[in-house]
Amino acid sequence: MAASTKTAQKQWEANNSVERVVDDEVYRHDKEAQQRLLAARPWKSDNHYFKRVRMSALALLKIQMHAGAEVKPGQVPLEVMGMLQGKIEPNGFVVMDAFALPIPAGTDRSATHVNPGQEAMEYMVEYMELINKAGKPENVVGWYHSHPGYGCWLSGMDVSTQRSQQQFSDPFLAVVVDPVRSIGAGKVEIGGFRSYPENYTPPNAQFSEWQSVPSDRIEDFGVHANCYYPLEMSFFKSSVDSTLLDLQWRKYWINTLAASPLFSNRDYITSQISDVAEKVEKAESELGQSRFSSGLSFGGATLGASSSSEKGRRKDEESALARVTRDASKVSVEVLHGICRQAIKAALFNQPRSTTASSSSSSEPSATPAL
C-alpha cells in the first residue's frame, strides 16, 4: 500500500505540474524586502502588475481536500471558503499555506457566492494570532472559494468582494477551485484572479480564455468577464514541506480510493449532458435564424456588403459550434477518465485470488489409473 500511495502522489504531482524546488529560498521570509515592496505599491499605478501565482503543493492539496469534502453523492455540492497565507514578490504572489473558514449552518452555499459571516471572521483573526505566536510569519495574501461544477471564474458577488479586499487589504488574491470538475479531470481545476478598479476598462475588452460555463451561469459570467483578469499559476514543493505533504496525502489517498468518480459525479455528468443538449438546440436555432435573415437581405445591389456579412455570419456560426463541441468533448473525456479509474481499481483490488490448494493441485499431474 505504501508503494501505491507514493506512486499515486507522484502521479498527482505530475498531473498538476508540481515542480520540485532544490533551493529552499522560497520559504525564507525576508521582512525588510516585503516592507519595501509594500511601501512602493507598484500595483497602484499598474492594474496588470501582478501576473503570476506560485503555490505550494501543500496549499493546493489542502484546498482540494477542503472543497472536495462538500461534494457528496446524491446531494447538492456546497461552496467552501478559506484564506491564503504567503508573501508577495515582484509581479507575483507566493502562496505557502491555506486554511479553511467555518461557514455557519444555514448559510446559502449553493449559489455563485458564499458569505462567511462574523463567526468566520473572528476565527480568522484568532487563527492568525495563534499561528504568528507559533513562528509562522506569512500574512494573509488572499482568499479562495469553490465553484462546484461550473468552472473557475469570478461571479458578480466575487468581483465585488475582491474589489473591496483590494481597496482595503491590497495586495490581495482571489483563487477559485472547482472540486467537481477536478474529480473528472484528474487534476485540480483552479484559477487565480485579480479584479480591475470599478471604472477601469481593460485594453482587451474580451475574456479570451475558453470556459465551459453552464447555461444558467452564462449571463453572470459574461456580464463580469471584463471586470477581472486571470493570473498564471504554478506549483512547487521541496524537502521543507515533504513531511507535512506526505501526512496530508495519506488522508487524501484513502478518500480517493474509497470514492467513485462516476458515482460522485453522476448528478454533475447528467446536468452537463443536459446543458450540452440545450446549447446545441440554441446554436441550431440561432444558425437557422441567421441564415433565413441573410437570405432575405441578399441582393445584387448590395453584393459586396452581403458577402462581408456572410463571412461574419459563418465565423459566428463556427465559433458557436466550436464552443458546443468543446463542451461535449470535455464531458466525454471526464466520463472516460472516470471509467478508466474504476477499471484500474477493479483490476488492482477486485481480482479473485486463487487458493494455495487449488494452485498446487493444478500444478501436480493427475494420477492415471493402472490398466
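Accessible areas here come from the Shrake-Rupley method with a 1.4 Å probe.

**View 1. The whole chain in a predicted model.** The structure is a predicted model. The protein chain exposes about 20800 Å². Carbon and sulfur atoms supply 55% of that area. Of the 371 residues, 41% count as buried. Secondary structure comes to twelve helices and eight strands. Among contacts between residues at least 6 apart in sequence, 78% join residues at least 24 apart.

**View 2. Confidence along the chain.** The chain averages a pLDDT of 74. A score of at least 70 is reached by 63% of the residues. Two stretches call for a closer look. Over residues 296-303 the pLDDT stays under 50. For residues 296-303 the model has five contacts beyond four places in sequence. Residues 366-371 also have a pLDDT below 50. Beyond near neighbours in sequence, residues 366-371 have zero contacts in the model.

**View 3. The salt bridge between R54 and E89.** The structure has eight salt bridges. One of them pairs R54 with E89. Their closest N and O atoms are 2.8 Å apart. R54 belongs to strand β2, residues 52-56, and E89 to strand β3, residues 81-89, so the bridge ties together parts 35 residues apart in sequence. R54 is partly exposed, at 28% relative accessibility. E89 is buried, with a relative accessible area of 14%.

**View 4. D97 and its partner K62.** D97 forms a salt bridge with K62. The closest N and O atoms of this pair lie 2.9 Å apart. D97 sits in strand β4, residues 92-100, and K62 in helix α3, residues 57-68, so strand and helix are tied together across 35 residues of sequence. D97 counts as buried, at 6% relative accessibility. K62 is partly exposed, with a relative accessible area of 23%.

**View 5. D97 and its partner K136.** The side chains of D97 and K136 also meet in a salt bridge. The N to O distance is 2.9 Å. D97 lies in strand β4 and K136 in the loop between α4 (117-133) and β5 (139-146), so this pair joins parts 39 residues apart in sequence. K136 is partly exposed, with a relative accessible area of 29%. Elsewhere, salt bridges that share partners join R52, R54 and E89 into one network.

View 6. A disulfide is a covalent bond between the sulfur atoms of two cysteines. A search of the whole structure finds zero disulfides. C152 counts as buried, at 9% relative accessibility. C227 is buried too, with a relative accessible area of 17%. Both values fall under the 20% cut-off for buried residues.

**View 7. The surroundings of S195.** S195 is found in strand β7, residues 189-195. At 4% relative accessibility, S195 counts as buried. Leaving out residues up to four places away in sequence, S195 touches V159, Q162, R163, Q166, C227 and Y228. One of these contacts, C227, is the buried cysteine of the previous view.

Notes: Residues are numbered from 1 along each chain as its sequence is written. This is a predicted model: local features need pLDDT of at least 70, side-chain atom pairs count only at pLDDT 80 or more; totals for chains, interfaces and linings use all residues. Side-chain values use heavy atoms; hydrogens and water are left out. A salt bridge is a side-chain nitrogen of Lys or Arg within 4 Å of a carboxyl oxygen of Asp or Glu. Helices (H or I, at least four residues) and strands (E, at least two) are DSSP runs, numbered from the N terminus. Buried means under 20% relative accessible area, exposed over 50%, partly exposed in between (1.4 Å probe, protein chains only). A disulfide is a pair of cysteine sulfur atoms within 2.5 Å. pLDDT is the predictor's confidence in each residue, from 0 to 100. Contact means heavy atoms within 4.5 Å.
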